[in-house]
Amino acid sequence: KIGTATITRAELERAKAILLKQNPPQQPITAEQQNQIDDYLIEQLSSAELLYQAGLKIEVKDLDKMVDDKIAQGRARFPSAEEFAKVLKEQNLDEKLLREYTRKEIIVSNLVEKEIMPKAKVTDEDVKKFYNDNLDRYFKKPEQVKASHILIGVDKNADAETRQKAKEKIDGILKEVKAGKDFAELAKANSTCPSSAQGGDLGTFGKGQMVKPFEDAAFSLKPGETSGVVETQFGYHIIKLTEKQDAQTIPLEEVKPKITEFLQGQKVQAKVQEYIIELKAKTKVEKLL
């Protein structure tokens, strides 16, 4: 009980079904885990009810229209009315309950927007501190290259004769590359790597993402250059470098909007929790489970 309002067992079970569908357990849930899930969900449902009750004190203009619009948007994501009804049924919902939950969600969102967000301002100093504290982690791009390759794969346990045949084949392909034949076509025709379907294109990668001999060879090339034969644990490669990107630091101004949005989200979340604690102090909450 939250004041005079109640949270029923049916609501708890509905929330639990949704949670477990979104996060399917890998093993059967024990009785102790069941109790932990119940406690967690009761806390979430209770907090939502406290926010809803507080939100009722703030007027929401055109509330019924907002509810209609939000439900219509949700329905539009489904190919048919039958599919929409099927999903509602899976969540033990009907149109009436959906409307009630949507109404509550809008009222709580209005409360957060009007009462909490104004107290969660992010300053330029906040943004700058986050940027400087996380410079190496998020805002420095290491040197990267974009490359294609042709691989003649050889099992690491292959005998000398098999390895020799593979080496002869890659040497022959290298002669064709040097003669000016199209690299992508040669990759499609000969490479044993799945990238052959894309003409050997491996996309963009940085240091530490490829095996060392391959990495060393790729990063030593200039755009447009092709390597000799490179041997790795996977076999024999010919590498063509198509692009090289120098290491760089992303300027603060470029990432400022994203940092501001992230920090504001954190501040709003913290303020919401503080607000819930204040509401709990003023409202009688009884757990009857």
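Author: Let's start with a rule: a charge sits over a ring if NZ of Lys or CZ of Arg is within 6 Å of the ring centre and within 35 degrees of the ring normal. This is a predicted model, where local features need pLDDT of at least 70 and side-chain atom pairs count only at pLDDT 80 or more, while totals for chains, interfaces and linings use all residues. Residues are numbered from 1 along each chain as its sequence is written, and side-chain values use heavy atoms, with hydrogens and water left out.

Reader: So what makes K207 a charge over the ring of F219?

Author: The charged end of K207 is 5.3 Å from the centre of the F219 ring, so it passes the distance limit.

Reader: Why is the pair of F205 and F214 called tilted?

Author: Rings of Phe, Tyr and Trp (its six-membered ring) pair if their centres lie within 6.5 Å, with planes under 30 degrees apart called stacked, over 60 edge-to-face and the rest tilted. The count here comes to eight aromatic pairs. One of them is F205 with F214, 6.3 Å centre to centre and 50° between the planes, so the pair is tilted by that rule. Ring pairs also link F130, Y131, Y138, F139 and F262 into a cluster.

Reader: How do you know whether F205 and F214 are buried or exposed?

Author: Buried means under 20% relative accessible area, exposed over 50%, partly exposed in between (1.4 Å probe, protein chains only). F205 has 2%, so it's buried, and F214, at 3%, is buried because it falls under that cut-off too.

Reader: What makes a space a pocket?

Author: On a 1 Å grid over the protein atoms alone, a pocket is an open set of points where a 1.4 Å probe fits, with protein on both sides within 12 Å along at least five of seven lines; lining residues have an atom within 4 Å of a point. The largest pocket holds about 1,300 Å³ of space. It has 37 lining residues, and the closest to its centre are I18, L45, A48, Y101 and E105.

Reader: Which helix gives the largest share of that lining?

Author: That's α2, with ten residues. Helices here are DSSP runs (H or I, at least four residues), numbered from the N terminus. The second largest pocket has a volume of about 360 Å³. Its 18 lining residues include I7, I42, E286, K287 and L288, the closest to its centre.

Notes: Points joined across faces, edges and corners; volume = space filled by probe spheres on them. Helix = DSSP H or I, 4+ residues; strand = E, 2+ residues; numbered from the N terminus.
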